[in-house]
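Subject: Structure handover

Hello,

Please find the structure below, with the sequence alongside. My notes on what was found in it follow.

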Amino acid sequence: MTGNSLFEPFKLGELTLANRVVMAPLTRNRAGNGFVPGDLAAEYYAQRASAGLIVSEATQISQQGQGYQDTPGIYSQAQIDGWRKVTDAVHGKGGRIFLQLWHVGRVSHVDLQENGAAPVAPSAIRAETQTFVNNGFADVSEPRALELNEIPGIVNDFRKAAANAVSAGFDGVEIHGANGYLLDQFAKDGSNVRTDAYGGSVENRSRLMLEVAAAVAEEIGAGRTGVRISPVSPFNGVSSSDPQAQFDHIVDGLDALGVAYIHVVEGATGGPRDAAPFDFGSLRKRFRNAYIANNGYDLELATRSLGEGKADLFAFGRPFIANPDLVDRLKTNAPLAHLNPATLYGGGAAGYTDYPAIGG
Ligand code: PHB
(Lines give C-alpha, C1' and ligand atoms only; values in the text may rest on other atoms or scores of the structure.)
Protein backbone atom coordinates (compact mmCIF):
# COMPACT_ATOMS: atom_id res chain seq x y z
CA MET A 1 0.00 0.00 0.00
CA THR A 2 1.52 3.33 -1.01
CA GLY A 3 0.45 6.83 -0.11
CA ASN A 4 -1.22 5.76 3.14
CA SER A 5 -0.46 8.55 5.59
CA LEU A 6 -0.62 6.03 8.43
CA PHE A 7 3.01 5.42 7.52
CA GLU A 8 4.02 9.08 7.30
CA PRO A 9 5.73 11.00 10.13
CA PHE A 10 3.62 12.76 12.74
CA LYS A 11 4.57 15.55 15.14
CA LEU A 12 3.60 14.71 18.73
CA GLY A 13 4.47 17.52 21.12
CA GLU A 14 8.13 18.19 20.43
CA LEU A 15 8.76 14.74 18.99
CA THR A 16 8.55 13.64 15.41
CA LEU A 17 7.23 10.10 15.18
CA ALA A 18 8.24 8.00 12.17
CA ASN A 19 4.63 6.93 11.57
CA ARG A 20 1.17 6.99 13.13
CA VAL A 21 1.23 3.45 14.47
CA VAL A 22 1.49 3.24 18.27
CA MET A 23 2.30 0.15 20.28
CA ALA A 24 -0.30 0.08 23.05
CA PRO A 25 0.67 -0.74 26.64
CA LEU A 26 0.69 -4.50 27.25
CA THR A 27 1.17 -6.18 30.63
CA ARG A 28 3.71 -9.03 30.35
CA ASN A 29 4.61 -9.78 34.01
CA ARG A 30 8.30 -10.47 33.52
CA ALA A 31 9.82 -8.04 36.01
CA GLY A 32 10.54 -10.28 38.99
CA ASN A 33 13.34 -9.49 41.42
CA GLY A 34 12.52 -5.99 42.65
CA PHE A 35 10.03 -5.29 39.83
CA VAL A 36 12.95 -4.25 37.63
CA PRO A 37 12.72 -4.66 33.86
CA GLY A 38 15.62 -6.79 32.67
CA ASP A 39 17.69 -7.37 29.53
CA LEU A 40 14.87 -9.37 27.95
CA ALA A 41 12.56 -6.35 28.25
CA ALA A 42 15.15 -4.22 26.46
CA GLU A 43 15.30 -6.78 23.66
CA TYR A 44 11.49 -7.07 23.47
CA TYR A 45 10.92 -3.32 23.18
CA ALA A 46 13.85 -2.80 20.77
CA GLN A 47 12.35 -5.46 18.48
CA ARG A 48 9.22 -3.28 18.29
CA ALA A 49 11.00 0.08 17.84
CA SER A 50 9.62 0.61 14.33
CA ALA A 51 6.33 1.68 15.92
CA GLY A 52 5.96 5.45 15.65
CA LEU A 53 5.61 5.44 19.43
CA ILE A 54 5.81 2.67 22.01
CA VAL A 55 3.79 3.07 25.17
CA SER A 56 5.36 0.78 27.75
CA GLU A 57 3.49 -1.80 29.75
CA ALA A 58 1.68 -0.31 32.76
CA THR A 59 4.26 0.47 35.45
CA GLN A 60 3.40 1.03 39.10
CA ILE A 61 4.32 4.34 40.68
CA SER A 62 4.58 2.79 44.16
CA GLN A 63 4.25 -0.59 45.80
CA GLN A 64 0.72 0.40 46.79
CA GLY A 65 -0.01 0.94 43.10
CA GLN A 66 0.84 -2.65 42.14
CA GLY A 67 -1.92 -5.12 41.38
CA TYR A 68 -0.34 -8.01 39.52
CA GLN A 69 2.65 -10.25 39.98
CA ASP A 70 5.98 -9.22 38.46
CA THR A 71 4.87 -5.97 36.85
CA PRO A 72 7.62 -3.33 36.71
CA GLY A 73 7.85 -0.23 38.88
CA ILE A 74 9.35 3.23 38.51
CA TYR A 75 9.92 4.20 42.14
CA SER A 76 13.35 2.70 42.97
CA GLN A 77 16.81 3.46 41.59
CA ALA A 78 17.17 -0.16 40.42
CA GLN A 79 13.95 0.23 38.42
CA ILE A 80 15.17 3.47 36.87
CA ASP A 81 18.43 1.74 35.92
CA GLY A 82 16.55 -1.22 34.45
CA TRP A 83 14.31 1.04 32.37
CA ARG A 84 17.39 2.95 31.15
CA LYS A 85 18.48 -0.21 29.32
CA VAL A 86 15.07 -0.32 27.64
CA THR A 87 15.06 3.32 26.54
CA ASP A 88 18.67 3.09 25.28
CA ALA A 89 17.81 -0.03 23.27
CA VAL A 90 14.69 1.57 21.73
CA HIS A 91 16.45 4.85 20.96
CA GLY A 92 19.36 2.89 19.47
CA LYS A 93 16.90 1.56 16.91
CA GLY A 94 15.47 5.02 16.23
CA GLY A 95 12.27 4.46 18.22
CA ARG A 96 10.34 6.60 20.69
CA ILE A 97 8.97 5.37 24.00
CA PHE A 98 6.68 6.71 26.72
CA LEU A 99 6.29 5.05 30.12
CA GLN A 100 2.77 4.29 31.29
CA LEU A 101 2.29 5.38 34.92
CA TRP A 102 -0.03 3.11 36.85
CA HIS A 103 -1.82 2.95 40.17
CA VAL A 104 -4.21 0.00 40.23
CA GLY A 105 -6.25 1.18 43.24
CA ARG A 106 -8.63 -1.59 44.27
CA VAL A 107 -7.50 -4.03 41.55
CA SER A 108 -4.91 -5.61 43.81
CA HIS A 109 -4.34 -8.33 46.32
CA VAL A 110 -3.09 -8.24 49.92
CA ASP A 111 -0.17 -10.49 48.90
CA LEU A 112 1.18 -7.66 46.70
CA GLN A 113 0.80 -4.92 49.30
CA GLU A 114 3.25 -3.87 52.01
CA ASN A 115 2.65 -5.96 55.16
CA GLY A 116 -0.43 -7.52 53.58
CA ALA A 117 -2.36 -4.23 53.76
CA ALA A 118 -5.71 -3.75 52.04
CA PRO A 119 -5.53 -2.18 48.57
CA VAL A 120 -6.76 1.42 48.40
CA ALA A 121 -9.74 2.76 46.47
CA PRO A 122 -12.01 5.81 46.29
CA SER A 123 -14.57 3.84 48.30
CA ALA A 124 -14.55 0.50 50.11
CA ILE A 125 -16.26 -1.35 47.26
CA ARG A 126 -14.64 -4.53 46.08
CA ALA A 127 -14.15 -4.91 42.33
CA GLU A 128 -15.69 -7.90 40.63
CA THR A 129 -12.52 -8.91 38.89
CA GLN A 130 -9.47 -11.07 39.24
CA THR A 131 -5.77 -10.43 39.32
CA PHE A 132 -2.72 -12.52 38.46
CA VAL A 133 -0.85 -13.26 41.68
CA ASN A 134 1.05 -16.24 43.16
CA ASN A 135 1.30 -17.68 39.63
CA GLY A 136 -2.44 -17.85 39.07
CA PHE A 137 -5.65 -15.85 38.87
CA ALA A 138 -7.36 -14.86 42.14
CA ASP A 139 -10.18 -12.56 43.19
CA VAL A 140 -8.97 -9.08 44.13
CA SER A 141 -8.96 -8.20 47.84
CA GLU A 142 -11.43 -6.04 49.75
CA PRO A 143 -10.16 -2.44 49.49
CA ARG A 144 -10.25 0.43 51.96
CA ALA A 145 -11.28 3.98 51.06
CA LEU A 146 -8.44 6.47 50.82
CA GLU A 147 -8.50 9.19 53.48
CA LEU A 148 -8.75 12.71 52.12
CA ASN A 149 -5.32 13.51 53.54
CA GLU A 150 -3.70 10.62 51.63
CA ILE A 151 -4.65 11.97 48.22
CA PRO A 152 -1.84 14.55 47.90
CA GLY A 153 0.60 11.67 48.48
CA ILE A 154 -0.85 9.77 45.52
CA VAL A 155 -0.55 12.84 43.29
CA ASN A 156 3.03 13.23 44.47
CA ASP A 157 3.82 9.58 43.71
CA PHE A 158 2.69 10.18 40.11
CA ARG A 159 4.82 13.33 39.97
CA LYS A 160 7.94 11.56 41.27
CA ALA A 161 7.36 8.62 38.93
CA ALA A 162 7.20 11.01 35.97
CA ALA A 163 10.50 12.59 37.02
CA ASN A 164 11.99 9.10 37.39
CA ALA A 165 10.76 8.18 33.91
CA VAL A 166 12.55 11.14 32.43
CA SER A 167 15.73 10.26 34.29
CA ALA A 168 15.39 6.72 32.88
CA GLY A 169 15.45 8.23 29.39
CA PHE A 170 11.78 8.05 28.40
CA ASP A 171 10.51 10.53 25.81
CA GLY A 172 7.42 11.12 27.96
CA VAL A 173 4.81 9.44 30.10
CA GLU A 174 1.25 8.26 29.70
CA ILE A 175 -0.94 8.55 32.79
CA HIS A 176 -3.12 5.45 33.06
CA GLY A 177 -6.58 6.87 33.58
CA ALA A 178 -8.35 3.87 32.03
CA ASN A 179 -9.49 0.29 32.50
CA GLY A 180 -10.89 0.41 35.99
CA TYR A 181 -7.64 1.35 37.74
CA LEU A 182 -7.37 4.05 40.41
CA LEU A 183 -8.02 7.20 38.36
CA ASP A 184 -10.88 5.54 36.45
CA GLN A 185 -12.29 4.25 39.77
CA PHE A 186 -12.47 7.86 40.95
CA ALA A 187 -14.04 9.06 37.69
CA LYS A 188 -16.85 6.51 37.63
CA ASP A 189 -19.69 6.52 40.12
CA GLY A 190 -20.02 2.73 40.32
CA SER A 191 -16.76 2.70 42.29
CA ASN A 192 -16.79 6.19 43.82
CA VAL A 193 -19.43 7.08 46.42
CA ARG A 194 -17.28 9.62 48.28
CA THR A 195 -18.94 12.67 49.75
CA ASP A 196 -15.84 14.90 49.85
CA ALA A 197 -14.23 17.00 47.10
CA TYR A 198 -13.29 13.82 45.17
CA GLY A 199 -16.76 12.30 44.86
CA GLY A 200 -20.31 13.18 43.85
CA SER A 201 -20.40 15.63 40.98
CA VAL A 202 -18.71 15.18 37.60
CA GLU A 203 -16.23 17.90 38.61
CA ASN A 204 -15.36 16.18 41.87
CA ARG A 205 -14.93 12.74 40.30
CA SER A 206 -12.63 14.23 37.66
CA ARG A 207 -10.51 16.01 40.23
CA LEU A 208 -7.90 13.34 40.92
CA MET A 209 -7.22 12.59 37.25
CA LEU A 210 -6.84 16.29 36.48
CA GLU A 211 -4.67 16.95 39.54
CA VAL A 212 -2.39 14.10 38.54
CA ALA A 213 -2.20 15.36 34.95
CA ALA A 214 -1.43 18.89 36.16
CA ALA A 215 1.31 17.68 38.51
CA VAL A 216 2.93 15.48 35.86
CA ALA A 217 2.71 18.20 33.21
CA GLU A 218 4.26 20.68 35.62
CA GLU A 219 7.04 18.23 36.46
CA ILE A 220 8.09 17.10 32.96
CA GLY A 221 6.20 19.36 30.55
CA ALA A 222 2.71 19.06 29.05
CA GLY A 223 4.27 18.21 25.68
CA ARG A 224 5.66 15.02 27.18
CA THR A 225 2.46 14.02 28.98
CA GLY A 226 -0.37 11.86 27.63
CA VAL A 227 -3.44 10.41 29.33
CA ARG A 228 -5.27 7.16 28.58
CA ILE A 229 -9.01 6.94 29.22
CA SER A 230 -11.71 4.32 28.60
CA PRO A 231 -15.03 6.16 29.03
CA VAL A 232 -17.41 3.23 28.58
CA SER A 233 -15.24 0.22 29.26
CA PRO A 234 -16.60 -2.05 32.02
CA PHE A 235 -13.10 -3.53 32.42
CA ASN A 236 -12.28 -4.47 36.02
CA GLY A 237 -15.87 -4.00 37.12
CA VAL A 238 -16.29 -0.24 36.73
CA SER A 239 -19.48 1.48 35.62
CA SER A 240 -20.61 5.05 35.10
CA SER A 241 -24.09 6.53 34.95
CA ASP A 242 -22.92 9.59 32.97
CA PRO A 243 -19.83 8.74 30.92
CA GLN A 244 -20.38 11.42 28.25
CA ALA A 245 -20.63 14.33 30.71
CA GLN A 246 -17.83 12.84 32.80
CA PHE A 247 -15.32 12.38 30.00
CA ASP A 248 -16.25 15.54 28.12
CA HIS A 249 -15.34 17.36 31.34
CA ILE A 250 -12.09 15.43 31.82
CA VAL A 251 -11.01 16.08 28.24
CA ASP A 252 -11.84 19.79 28.60
CA GLY A 253 -9.53 19.82 31.62
CA LEU A 254 -6.78 17.97 29.78
CA ASP A 255 -7.09 20.36 26.84
CA ALA A 256 -6.72 23.31 29.20
CA LEU A 257 -3.50 21.76 30.53
CA GLY A 258 -2.23 21.35 26.96
CA VAL A 259 -1.16 17.73 27.35
CA ALA A 260 0.29 16.11 24.22
CA TYR A 261 -2.35 13.47 23.69
CA ILE A 262 -5.37 11.60 24.86
CA HIS A 263 -5.34 7.86 24.23
CA VAL A 264 -8.88 6.61 24.05
CA VAL A 265 -10.00 3.01 24.47
CA GLU A 266 -13.13 3.08 22.32
CA GLY A 267 -15.68 0.60 23.68
CA ALA A 268 -14.99 -2.34 25.97
CA THR A 269 -11.26 -2.94 26.51
CA GLY A 270 -10.24 -5.80 24.24
CA GLY A 271 -13.91 -6.33 23.40
CA PRO A 272 -16.71 -4.81 21.34
CA ARG A 273 -16.21 -1.26 20.08
CA ASP A 274 -19.96 -0.58 20.32
CA ALA A 275 -20.38 -1.85 23.90
CA ALA A 276 -22.27 1.29 24.96
CA PRO A 277 -23.39 4.46 23.20
CA PHE A 278 -20.75 7.19 23.35
CA ASP A 279 -19.74 10.06 21.11
CA PHE A 280 -15.97 9.77 20.81
CA GLY A 281 -16.08 12.56 18.22
CA SER A 282 -17.04 14.87 21.08
CA LEU A 283 -13.70 14.14 22.80
CA ARG A 284 -11.85 14.64 19.54
CA LYS A 285 -13.52 18.05 19.02
CA ARG A 286 -12.74 19.23 22.53
CA PHE A 287 -9.05 18.40 22.38
CA ARG A 288 -6.58 20.39 20.29
CA ASN A 289 -3.59 18.03 20.51
CA ALA A 290 -3.26 14.44 19.35
CA TYR A 291 -6.02 11.85 19.63
CA ILE A 292 -4.77 8.26 19.81
CA ALA A 293 -7.51 5.78 18.99
CA ASN A 294 -7.40 2.26 20.39
CA ASN A 295 -9.43 -0.92 20.50
CA GLY A 296 -9.87 -3.44 17.75
CA TYR A 297 -8.22 -1.41 14.98
CA ASP A 298 -6.86 -3.16 11.95
CA LEU A 299 -5.26 -1.68 8.84
CA GLU A 300 -8.58 -1.09 7.13
CA LEU A 301 -10.32 0.61 10.05
CA ALA A 302 -7.27 2.72 10.93
CA THR A 303 -6.85 3.87 7.33
CA ARG A 304 -10.52 4.76 7.06
CA SER A 305 -10.64 6.56 10.42
CA LEU A 306 -7.52 8.54 9.56
CA GLY A 307 -9.06 9.54 6.24
CA GLU A 308 -12.18 10.70 8.07
CA GLY A 309 -10.10 12.72 10.53
CA LYS A 310 -11.36 10.75 13.53
CA ALA A 311 -7.91 10.27 15.07
CA ASP A 312 -4.25 11.18 14.56
CA LEU A 313 -2.59 8.02 15.79
CA PHE A 314 -3.73 4.42 16.15
CA ALA A 315 -2.65 2.13 18.97
CA PHE A 316 -2.41 -1.60 18.31
CA GLY A 317 -2.05 -3.88 21.31
CA ARG A 318 -2.26 -7.62 20.90
CA PRO A 319 -1.05 -7.60 17.26
CA PHE A 320 2.30 -6.22 18.47
CA ILE A 321 2.90 -9.24 20.69
CA ALA A 322 3.36 -11.79 17.92
CA ASN A 323 4.38 -9.29 15.21
CA PRO A 324 7.43 -7.27 16.29
CA ASP A 325 7.54 -5.86 12.74
CA LEU A 326 3.85 -4.94 12.78
CA VAL A 327 4.42 -1.62 10.99
CA ASP A 328 6.11 -3.37 8.04
CA ARG A 329 3.43 -6.03 7.93
CA LEU A 330 0.67 -3.43 7.85
CA LYS A 331 2.52 -1.44 5.22
CA THR A 332 2.85 -4.47 2.95
CA ASN A 333 -0.46 -6.04 3.92
CA ALA A 334 1.43 -9.14 5.05
CA PRO A 335 -0.28 -11.81 7.14
CA LEU A 336 -0.21 -11.36 10.91
CA ALA A 337 1.02 -14.03 13.32
CA HIS A 338 -1.19 -15.06 16.25
CA LEU A 339 -0.08 -14.81 19.84
CA ASN A 340 0.09 -17.74 22.21
CA PRO A 341 -2.16 -16.90 25.20
CA ALA A 342 -0.23 -19.33 27.44
CA THR A 343 2.88 -17.12 27.37
CA LEU A 344 1.18 -13.74 27.75
CA TYR A 345 1.72 -13.33 31.49
CA GLY A 346 5.01 -14.26 33.09
CA GLY A 347 7.81 -16.58 32.05
CA GLY A 348 10.88 -15.74 30.02
CA ALA A 349 11.82 -15.38 26.38
CA ALA A 350 9.24 -17.87 25.10
CA GLY A 351 6.29 -15.93 23.72
CA TYR A 352 8.08 -12.67 24.50
CA THR A 353 11.22 -12.11 22.44
CA ASP A 354 11.04 -15.16 20.17
CA TYR A 355 8.30 -14.07 17.77
CA PRO A 356 10.19 -13.50 14.50
CA ALA A 357 9.89 -10.65 12.07
CA ILE A 358 9.04 -11.70 8.52
CA GLY A 359 12.24 -12.96 6.99
CA GLY A 360 14.02 -12.55 10.34
C1 PHB B 1 -3.81 -6.62 32.61
O2 PHB B 1 -2.81 -6.89 33.28
O3 PHB B 1 -4.60 -7.49 32.24
C4 PHB B 1 -4.06 -5.22 32.25
C5 PHB B 1 -3.24 -4.24 32.73
C6 PHB B 1 -3.50 -2.92 32.39
C7 PHB B 1 -4.56 -2.63 31.57
C8 PHB B 1 -5.36 -3.61 31.08
C9 PHB B 1 -5.10 -4.93 31.43
O10 PHB B 1 -4.84 -1.38 31.27
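**Barrel and helices**

Helix 2 (residues 77–92) lies across strand 4 and strand 5, and its direction is at about 150 degrees to that of strand 5. Please bear in mind that this is a predicted model.

The two strands under helix 2 belong to a closed barrel of 8 strands with parallel pairing, in the order 3-4-5-10-11-12-13-14. On average, neighbouring strands of this sheet are turned by 25 degrees against each other, direction ignored. Helix 1 (residues 39–47) also packs on the sheet, where it touches strand 3 (21–23), strand 4 (53–60) and strand 5 (97–102). The direction of helix 1 makes about 150 degrees with that of strand 4.

As background, strands of a sheet pair through backbone hydrogen bonds, either parallel or antiparallel.

**Helix 3 against helix 5**

Helix 3 (residues 151–167) packs with helix 5 (residues 202–220) at an angle of about 35 degrees, and the two axes are 9 Å apart. The crossing of helix 3 past helix 5 is right-handed. From helix 3, the residues in contact are Ile151, Val155, Phe158, Arg159, Ala162, Ala163 and Val166. They meet Leu208, Glu211, Val212, Ala215, Val216, Glu218, Glu219 and Ile220 in helix 5. Sorted by class, this contact has 11 nonpolar and 4 charged residues, and no polar ones.

The largest pocket holds about 840 Å³ of space. It is lined by 35 residues, of which Pro25, Leu26, Phe235, Thr269 and Arg318 are the closest to its centre. At least two lining residues each come from strand 5, strand 14 (313–316) and helix 9 (318–322). Helix 9 gives the largest share, with 3 residues. By class, the lining of the largest pocket divides into 17 nonpolar, 15 polar and 3 charged residues.

The second largest pocket has a volume of about 220 Å³. Its lining consists of Glu266, Arg273, Phe280, Gly281, Arg284, Tyr291, Tyr297, Leu301, Arg304, Ser305, Glu308 and Lys310. Helix 7 (280–286) and helix 8 (299–307) each contribute at least two residues to this lining. Here the division is 4 nonpolar, 2 polar and 6 charged residues.

**Cavity**

How many cavities of 30 Å³ or more does the structure hold? There is 1. The volume of the largest cavity is about 40 Å³. Its lining is made up of Arg30, Ala31, Pro37, Ala41, Glu57, Asp70, Pro72 and Tyr352. Of these lining residues, 5 are nonpolar and 3 are charged, with no polar residue in the set.

Regards

Conventions:
Residues are numbered from 1 along each chain as its sequence is written. This is a predicted model: local features need pLDDT of at least 70, side-chain atom pairs count only at pLDDT 80 or more; totals for chains, interfaces and linings use all residues. Side-chain values use heavy atoms; hydrogens and water are left out. On a 1 Å grid over the protein atoms alone, a cavity is a set of points where a 1.4 Å probe fits but cannot get out, and a pocket is an open set with protein on both sides within 12 Å along at least five of seven lines; lining residues have an atom within 4 Å of a point. Grid points are joined across faces, edges and corners, and a volume is the space filled by probe spheres set on the points. Ala, Val, Leu, Ile, Met, Phe, Trp, Tyr, Cys and Pro count as nonpolar, Asp, Glu, Lys and Arg as charged, and the others, Gly among them, as polar. Two strands pair if DSSP finds at least two bridges between them. Helices (H or I, at least four residues) and strands (E, at least two) are DSSP runs, numbered from the N terminus. Axes are lines fitted to C-alpha atoms, for helices over the stretch in contact, and angles run from 0 to 180 degrees between N-to-C directions. Contact means heavy atoms within 4.5 Å. A crossing is left-handed if the near helix is turned anticlockwise from the far one by less than a right angle, and right-handed if clockwise.
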